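Hi,

Here is the structure I promised to pass on.

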Amino acid sequence: MATIKEIAEKSGYSPATVSRLLNNDQNLSISPTTRNKIMTVANELGYWKSHRKQSQQPIRPNIALLYRVSGKEQLQDEYFAFLRNEIIKEVDKAGLQVEIFGHIADLTKAADSFQGFIGVGADRVTQDQLIALHHKLPHGVFVDINPMPKLFDSVQPNLELTVQDALSRLVKAGYERVGFIGGKGLNLNNIQQADAREIAFREFASMQGIKEAPLYVDGPFNVENGYRLGRMVIDQSKDNLPEAFIIASDTLSVGVLQAFNEAGILVPRDTAVISINNSEVAKYVSPPLTSYNINQQTLSRMAIELLQDLITHPDRPHVHLKVNTDIVYRKSFLNNNG
């Protein structure tokens, strides 16, 4: 059974300092390096396992936010900017301190100052960089995506269930030909991975009895690419436009609607649209988008709780949480069947 005295002796700090830290004394003023050293020793000696009462109280570590979203992507897709802001808000509510890093190498160098990190995005991140980060700072939780699930925890929206639910609603509404418009998934080590929404559409379209399920998938998740994909749909469909579309994000939907409007295709008269994200822009395009809401506050709060648990119980298996979405009906698709 690990004691305060044992932790103090091994860490090199006084029993009083160790006791105040492990009991969440908010008036304690110590450096991040000192905090990290004491926490590491406490974990190594199994302090949390033998002090269940204290372990039930969430610790307040110094954490980092690794924000790997390209500038262009952030400007064209407000989702990531809002997600970053929600994480910062939830960190503040939890009484934690956070420092933001835009480069994985910088966080790896500064790892001794933190007990863990939350990651958003994986722009230009390699597998070797993630392995090096895990070696220095093993306690990490990625939000929205997870480039290396064997090394880090994650909290993600349940996009597979979202697409399945959208297909089910379209089938109940009588649609038989449903298309999917999406972008490319995560690129790790120059290997392009399929997006989860595309995979789910391929899997569930046939299961739902969709007669025709064309896919239009290419490029980034931004408005410009949505417009290009919309033009591709028009050119390839000609007089056989799908009766409805599931579009992978609101930013893509904005571009698609622009292309449809230019071609005289009216939504939902000529084809219905269900989108994903429920961003602010979904309310103001023409027509307003029926879209699945991703609760970023829940994603952020769960990521912080998961990180605290991981720091307290470093030997546990990695955990990957899925957060369900909910549909918000607007004029691009109105389901009269409930």
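Ile246 has Ile274 of β11 opposite it. Strands here are DSSP runs of E with at least two residues, helices are runs of H or I with at least four, and both are numbered from the N terminus. Two strands pair if DSSP finds at least two bridges between them.

A word on the model before you dig in: it is predicted, local features need pLDDT of at least 70, side-chain atom pairs count only at pLDDT 80 or more, and totals for chains, interfaces and linings use all residues. Residues are numbered from 1 along each chain as its sequence is written, and side-chain values use heavy atoms, with hydrogens and water left out.

Back to the sheet. Both strands belong to an open, 6-stranded sheet with mixed pairing, in the order β9-β6-β10-β11-β12-β14. β9 (215-217) and β14 (326-328) are its edge strands, each pairing on one side only. From one strand to the next, the twist averages 20°. β11 also runs parallel to β12 (residues 290-293), with 4 bridges joining them; Asn277 has Asn293 in β12 as its bridge partner. β12 then pairs with β14 over 3 bridges, this time in the antiparallel sense, and Ser291 stands opposite Val328 there.

Now the helices. The axes of α10 (residues 159-172) and α11 (residues 196-207) come within 8 Å and cross at roughly 45°. On the α10 side, the contact (heavy atoms within 4.5 Å) is made by Leu159, Glu160, Val163, Gln164 and Leu167. On α11, the residues include Phe201 and Phe204. By class, that contact has 8 nonpolar, 1 polar and 2 charged residues.

For the overall picture, the chain has 14 helices and 14 strands. Its C-alpha atoms fill a box of roughly 80 × 40 × 30 Å along the principal axes. Of the 338 residues, 51% count as buried, meaning under 20% relative accessible area with a 1.4 Å probe, protein chains only.

Cheers

Methods: Axes fitted to C-alpha atoms, helices over the stretch in contact; angles between N-to-C directions. Nonpolar A, V, L, I, M, F, W, Y, C, P; charged D, E, K, R; others polar. Buried < 20%, exposed > 50% of the residue type's maximum accessible area, 1.4 Å probe, protein only.
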